[in-house]
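Please look through the structure below with its aromatic side chains in mind.

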Amino acid sequence: MFDLYFRKNPFGGEYTIFAGLEDCIRFVAHFNFTEDEIAFVRATLPPPCEDSFFDYLRGLDCSDIEIYSISEGSVVFPKVPLLRVEGPVAVVQLLETPFVNLINYASLVATNAARHRFVAGKSKLLLEFGLRRAQGPDGGISASKYCYMGGFDATSNVAAGRLFGIPLRGTHSHAFVSSFLSPDEILEKSLCSCDGSTVCEDFVSWVQTWLSKLKRSKLLAGIFGETNQSELAAFMSYALAFPNNFLALVDTYDVVRSGIPNFCAVALALNDLGYKAQGIRLDSGDLAYLSCEARKFFHSIETEFGVPDFGRTSITASNDLNEETLDDLNKQGHEVDAFGIGTHLVTCYAQPALGVVFKLVEINNQPRIKLSEDVSKVSIPCKKRCYRLYGKEGYPLVDIMTGENEPSPKVGERILCRHPFNESKRAYVVPQKVEELLKCYWSGSSDRRREELPPIKEIRDRCIDQLDRMRPDHMRRLNPTPYKVSVSAKLYDFIHFLWLNEAPVGELQ
């Protein structure tokens, strides 16, 4: 019997999002050795190695394994088992590396996404833009999946959208803008109105008419002169191709003097035909200042030309954003509606690993403990049940581990919760709600009922809901209050009895 858990929350925080369970279950469902793999193992192992060992590998599967797990997308804490894996020791040992691998990165990046969501706020759209900077294509696919699970709204990774049903969002590139030379390159200039009733035969000229109106505007006078015509050509070409999804990258040349006026001219021409432009993206410069200038520009147009809701045109920001820069933008004041976040999100730049471990806690009905001079590395032995206890206000108060045969905590009944290793840290709790955390997700060949693996949208909803139910002081970015993880009084006594029993006794001479 092995427990999979972690010892410390990442990113200096006090919570973690559990992810990767579905990948683990799919792994055990298809676990076997092919003849080619067995031949490679035979060639790799030093001689002599009995033929019966390779016969054993041929018949190996996970039919004798049972896996109990916390639900994927849950908020979790150190020391509490995320998975309990039971079965023949040789088989379970073979699962250690894949399980640690599958859960470590998944939980780390889902937690990173949740932290970005917390800082950005619920009202902002969060877009994962990290594929090009991820650690290989497999890292990129996983990042897209688990960022969505952690609270992001969409991804630019089309493959992840196909595989997992994640909403797709993206914009054109700087190269698209700079690949145009002038509006003369646009040969097909006609655009049908949104309702199909009319056709604008020369959309290019109509855009240039609007650009002239903006230049003569009383409210916008002196803000810009001649805009970059190759940029204007790129915007017009994109709008002709995607009139319902026109979102322009406006910082290729100059945001205020060229990008925003060019975007607005195209957006206003589209508006005349019944289309609504999606907005702009800023990818460099002072994002707080530029977003505020863009918003002023949009409001001025709405006021002077009477275009309803133009002042609320969406502004997306990107450019190496991370948790800290989002916090800084909030403090400075900005007008950004959506953030495209890549490198720092998918690479987990602030912390590269979660530190998941897989420890033997019982064998042949005998509890086992792993000792260390570093108390944080001492394992909690034996088969356990894990509960989350909730208080009167609906917030989780404490997670408690008990022995398998102990009675479950009950609503309204006082229970003593003890720190696993610190004698002085203890508290009585009278829970208003008790939630058992570990459920059976893989029953092997037994007839034990299994939990179904939910779709990714349901996992994402669970994550968002659980984060909403956490006490705010546990969630804050700076100096969060530690969440309490405890053991029952009976399990506490047993841990320390086993510790004393297993620790060697020194001799002084």
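This is a predicted model: local features need pLDDT of at least 70, side-chain atom pairs count only at pLDDT 80 or more; totals for chains, interfaces and linings use all residues.

In all, the structure holds 18 aromatic pairs. A pair of aromatic rings is described by the distance of the centres and the angle of the planes. For W210 and F305, the ring centres lie 5.3 Å apart and the planes meet at 80°, and because an angle over 60 degrees counts as edge-to-face, this pair is placed in that class. The two residues are 95 residues apart in the chain, with W210 in helix α8 (residues 203–216) and F305 in helix α11 (residues 287–305), so that the pair links distant parts of the chain. W210 is buried, having a relative accessible area of 8%, whereas F305, with a value of 25%, is partly exposed.

Elsewhere, ring pairs join a set of residues into a cluster, made up of F176, F180, F235, Y238, F242, F246, F263, F298 and F310.

Which residues form a nonpolar patch on the surface? They are L45, F53 and Y56, which together have about 240 Å² of accessible area. Of these, F53 belongs to helix α3 (residues 51–58), and its relative accessible area of 31% means that F53 is partly exposed.

How values were computed:
Residues are numbered from 1 along each chain as its sequence is written. Side-chain values use heavy atoms; hydrogens and water are left out. Rings of Phe, Tyr and Trp (its six-membered ring) pair if their centres lie within 6.5 Å; planes under 30 degrees apart count as stacked, over 60 as edge-to-face and the rest as tilted. Helices (H or I, at least four residues) and strands (E, at least two) are DSSP runs, numbered from the N terminus. Buried means under 20% relative accessible area, exposed over 50%, partly exposed in between (1.4 Å probe, protein chains only). Patches are made of residues with over 30% relative accessible area and no salt bridge: like charges are joined within 9 Å, nonpolar side chains (Val, Leu, Ile, Met, Phe, Trp, Tyr) within 5 Å. Accessible areas come from the Shrake-Rupley method with a 1.4 Å probe; for residues, only the protein chains shown count as cover. A salt bridge is a side-chain nitrogen of Lys or Arg within 4 Å of a carboxyl oxygen of Asp or Glu.
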